[in-house]
Amino acid sequence: MVGSVIWVGRSSIEIQLDVIQSPKEESDVSHSVALAANFIFVARDSKTGKAAAVNRLSPETEREKFLFEEAEARSKLRKKKRVDRRKLKNGEVNQLEALLAEGRIFCDMPALADRDSILLRDTRLENALICQPQQRNIHGRIFGGFLMHRAFELAFSTAYVFAGLVPCFLEVDHVDFLRPVDVGDFLRLTSCVLYTELENPDQPLINVEVVAHVTRPEIRSSDVSNTFYFTFSVRPEAKATKNGFKIRNVVPATEEEARRILERMDAEMPQQNQ
């Protein structure tokens, strides 16, 4: 594993990590990247808990400058989304209305709804657990890898039930660690198919969202601790075994669901254009 800091802001640090796979043949001197991931950390003052300034970064090589500029663009996009999250442009309003139009038919006239579509809420799965001491990290919190593992299992199951065939995992799109999870916490994980991409019939894409909540019944609170986004597909050879196989469109029933779909699609667009 090879990791390095590729960008810094005032208090933010972006680290890129590559998992390098050694050549299988001795004659092959090349190494291939098996996995690439970007991590964003924010420095906090240990006394006040507020953001703390970090050291500057000076990229020198062309590669370092390229990575720095890419990360800078991602940072600006994140800031823009935070500011504009509740402001919809005309085109986005039209998209929102188009998404909701089919959902309204499902809710108001279900007998006339498109049979190749399904409501987002009807793709949901959920599980819950009590976090145990053996799952904690060196800081005494629940290990992020454990949370991601449980989220992946639920996402895989969601895609499996939705497609009706064993899904093929493609990528982890985005993970947010919004608040720590402690030993003894009651953790609820809810998942849904957020949307599908059917332009390529040989590789239809199933985008799954998993949201983790730390629930405290005694004080009637439930706070989001993590959000996870995964992409799955179905192998062509698996589809061949099931006549008439077809992935359905997912439509929202509420404006909140439609906004979540648009935000996720918008977030995926820059990655697909790179």
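This is a predicted model: local features need pLDDT of at least 70, side-chain atom pairs count only at pLDDT 80 or more; totals for chains, interfaces and linings use all residues.
Local features required pLDDT of at least 70 and side-chain atom pairs pLDDT 80 or more, while totals for chains, interfaces and linings use all residues. Residues are numbered from 1 along each chain as its sequence is written, and side-chain values use heavy atoms, with hydrogens and water left out.

Helices (H or I, at least four residues) and strands (E, at least two) were taken as DSSP runs numbered from the N terminus. Strands β1 (residues 2–8) and β2 (residues 12–21) run antiparallel and are joined by six bridges; two strands were considered paired if DSSP found at least two bridges between them.

Two or more lining residues come from each of β1, β2 and α1 (62–84), and β1 gives the most, with five residues. On a 1 Å grid over the protein atoms alone, a pocket is an open set of points with protein on both sides within 12 Å along at least five of seven lines, whereas a cavity is a set of points where a 1.4 Å probe fits but cannot get out; lining residues have an atom within 4 Å of a point. Grid points were joined across faces, edges and corners, and a volume is the space filled by probe spheres set on the points.

By this rule, one cavity of 30 Å³ or more was found. The largest cavity holds about 40 Å³ of space and is lined by Asp-173, Leu-194, Tyr-195, Asn-207, Val-208, Tyr-229, Phe-230, Arg-264 and Glu-268. At least two residues of this lining are supplied by each of β7 (186–197), β8 (205–216), β9 (221–233) and α5 (255–273). Two of the lining residues, Tyr-229 and Arg-264, are also in contact through a charge over a ring: the charged end of Arg-264 sits over the ring of Tyr-229, 4.3 Å from its centre. This arrangement requires NZ of Lys or CZ of Arg within 6 Å of the ring centre and within 35 degrees of the ring normal.

Nine aromatic pairs were found in the whole structure. Rings of Phe, Tyr and Trp (its six-membered ring) pair if their centres lie within 6.5 Å; planes under 30 degrees apart count as stacked, over 60 as edge-to-face and the rest as tilted. Phe-152 and Phe-169 form an edge-to-face pair, with 5.1 Å centre to centre and 85 degrees between the planes. Because Phe-152 lies in helix α3 (residues 144–163) and Phe-169 in strand β6 (residues 168–177), the pair ties together parts that are 17 residues apart in sequence. Phe-152 is partly exposed at 25% relative accessible area, as is Phe-169 at 36%; buried means under 20%, exposed over 50% and partly exposed in between (1.4 Å probe, protein chains only). Ring pairs link Phe-152, Phe-156, Tyr-160, Phe-169, Phe-228, Phe-230 and Phe-232 into a cluster.

No disulfides were found in the whole structure, a disulfide being a pair of cysteine sulfur atoms within 2.5 Å. Cys-168 is buried, with a relative accessible area of 14%, and Cys-192 is buried at 2%. Cys-107, in helix α2 (residues 90–108), is partly exposed at 37%. The C-alpha atoms of Cys-107 and Ala-253 are separated by 7.2 Å, although these residues are 146 residues apart along the chain.
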